[in-house]
Amino acid sequence: MTDFSLISNEALRGEIEEFVTRPAEIERNLRVFSRAHPRMQAIALAVIEGEHHLCDRLTREALEAGHVAIEVMDDGLIAGMGVVGIKFRENFIFVPEVLACARAMKSGMAHIEPILSASGVPPAGKVVMGTVKGDLHDIGKNLCIMMLRGAGFEVVDLGVDTAPDAFIDAVEESGARLVGMSALLTTTVPNMGRTIEAFIDAGLRDDVQIMVGGAPVTQEFADDMGADGYGKDALACVAEAKRLLGINA
Ligand code: B12
């Protein structure tokens, strides 16, 4: 029996009951939100409703109340965006609404960023990060960058819609030995492989380690395209960066 009453925030519970229908996704959302603090549930709801002023305030208040940045990010912001993704996929909401949700998420992330990026640890290495050509999704990439900076990495952020040449130029200019690519569309995942080929053509493939990530990317895709590493989330991104650069955790 699915017990939605485990989610204490009534409006959030309504969202899950109404819009999440696949059994595995119901189970996952119940698991995440039933253990999430009421403040995190409210933050997730602010993302789902695209309320950026509210999300900004609730995130700030949660941090001031002593919640750690990772909890706010995982149980609040990312969990909320997960529901947005489901509603978008099922055509309950469309691009304008998703943009409002992304804006809300970013308003919360603005408070998380200084905390995750303030490492105090000596520079661990340089990473060039970008979302590949044709792809405008940057929320996940930006989270990875925050976590990398927090772990002491210096990150060159190429933004979105990054052509293979731009990755190559950035590596040559910065001397970075690690490249991270993000893609959220099945149609742009192949551009990761094309970027790797461009590194081969430029004679630079042996000079860099390349890691890939993004919702549609899997370890298998990563292996097939000849990447050196894959990470399923921002924590895994940092772990992979350390592994590839031979930095002991
Ligand atoms: C927000 C969003 C948008 C926003 C993006 C805003 C922004 N600034 O990013 C807007 C509205 C612009 C948008 C546009 C589009 N979108 Co969109 N979007 C999403 C949505 C809802 C959430 C993505 C997100 O931010 N997730 C939250 C973050 C935290 O997760 P993440 O990105 O996966 O990142 C994590 C990991 O993957 C990993 N990671 C990410 N990058 C990297 C890199 C490395 C190196 C490593 C190790 C790890 C790693 O760590 C991150 C943190 O944990 C997804 C749905 C979904 N479930 O993903 C659809 C989705 C990706 N979009 C989709 C589509 C179809 C589109 C459009 C084509 C819609 C349209 N008709 O125009 C356009 C394409 C625009 C373009 N050219 O890119 C589809 C893609 C379907 C497919 N199979 O390809 C999805 C899956 C929705 C759906 N189910 O239909 N979108």
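## Contacts and the model

Two residues are in contact here if their C-beta atoms, placed from the backbone, lie within 7 Å. By that rule, L148 touches V127, F153, V155, C237, V238 and A241, leaving aside residues up to four places away in sequence. The structure is a predicted model, and the contacts of L148 are one entry point into it.

## Overall form

The chain holds 11 helices and 5 strands. Its radius of gyration is 19 Å, close to the 18 Å that the globule rule gives for 249 residues, so the chain is as compact as a globular protein of that length. Along its principal axes, the C-alpha trace spans about 55 × 40 × 30 Å.

Of the 249 residues, 44% count as buried. Contacts between residues at least 6 apart in sequence can be sorted by separation: 74% of them join residues at least 24 apart.

## Two domains

The chain is divided into domain 1, residues 4–117, and domain 2, residues 125–244. Their C-alpha centres lie 26 Å apart. Where the two meet, 9 residues of domain 1 are in contact with 7 residues of domain 2. On the side of domain 1 that touches domain 2, helices α5 and α6 (95–117) each supply at least two residues. The largest share of that side, 7 residues, comes from α6.

## The sheet

The 5 strands form an open sheet in the order β2-β1-β3-β4-β5, with parallel pairing. Its edge strands are β2 (153–157) and β5 (229–230), each of which pairs on one side only. Strands of a sheet pair through backbone hydrogen bonds, either parallel or antiparallel.

Strand β3 pairs with β1 in the parallel sense over 5 bridges, and V127 stands opposite L178 in β3. Another 5 bridges join β3 to β4, and these two strands also run parallel; here M181 stands opposite V212 in β4. Strand β4 (residues 209–213) in turn pairs with β5 in the parallel sense, over 2 bridges.

## Burial of β3

How many of the residues of β3 are buried? The count is 5 of its 5 residues, and the strand is described as mostly covered. In a regular strand the side chains alternate between the two faces of the sheet. In β3, L178, G180 and S182 point one way while V179 and M181 point the other way, and all are buried.

## Helices on the sheet

Helix α7 (residues 139–150) packs on the sheet and touches β1 (125–131), β2, β3 (178–182) and β4. The direction of α7 makes about 150° with that of β2. Helix α8 (residues 164–174) lies across β1, β2 and β3. Relative to β1, α8 runs at about 165°.

In soluble globular proteins, nonpolar side chains tend to be buried together. The largest nonpolar core of this model has 72 residues, and those with the most contacts inside it are I43, V47, M147 and L148. Helix α5 (residues 69–89) gives the largest share of this core, 9 residues. The core draws at least three residues from each of domain 1 and domain 2.

## Two loop residues with positive phi

Which loop holds N91? N91 is found in the loop between α5 and α6. Its phi is near 60°, a positive value in a residue other than glycine. N91 counts as exposed because it has 7 other C-beta atoms within 10 Å, and a residue is exposed if that number is 12 or fewer.

D161 lies in the loop between β2 and α8. Its phi is near 50°, again a positive value in a residue other than glycine. D161 has 16 C-beta neighbours inside 10 Å and so counts as partly exposed; the cut-off for buried is 20 or more.

How values were computed. Residues numbered from 1 in each chain as written. Predicted model: local features only at pLDDT ≥ 70, side-chain atom pairs only at ≥ 80, totals over all residues. Helix = DSSP H or I, 4+ residues; strand = E, 2+ residues; numbered from the N terminus. Rg over C-alpha atoms; globule rule 2.2 N^0.38 Å. Pairing = 2+ DSSP bridges. Axes fitted to C-alpha atoms, helices over the stretch in contact; angles between N-to-C directions. Core = buried A, V, L, I, M, F, W, Y, C linked by C-beta atoms within 7 Å. Domains from an automatic or database assignment.
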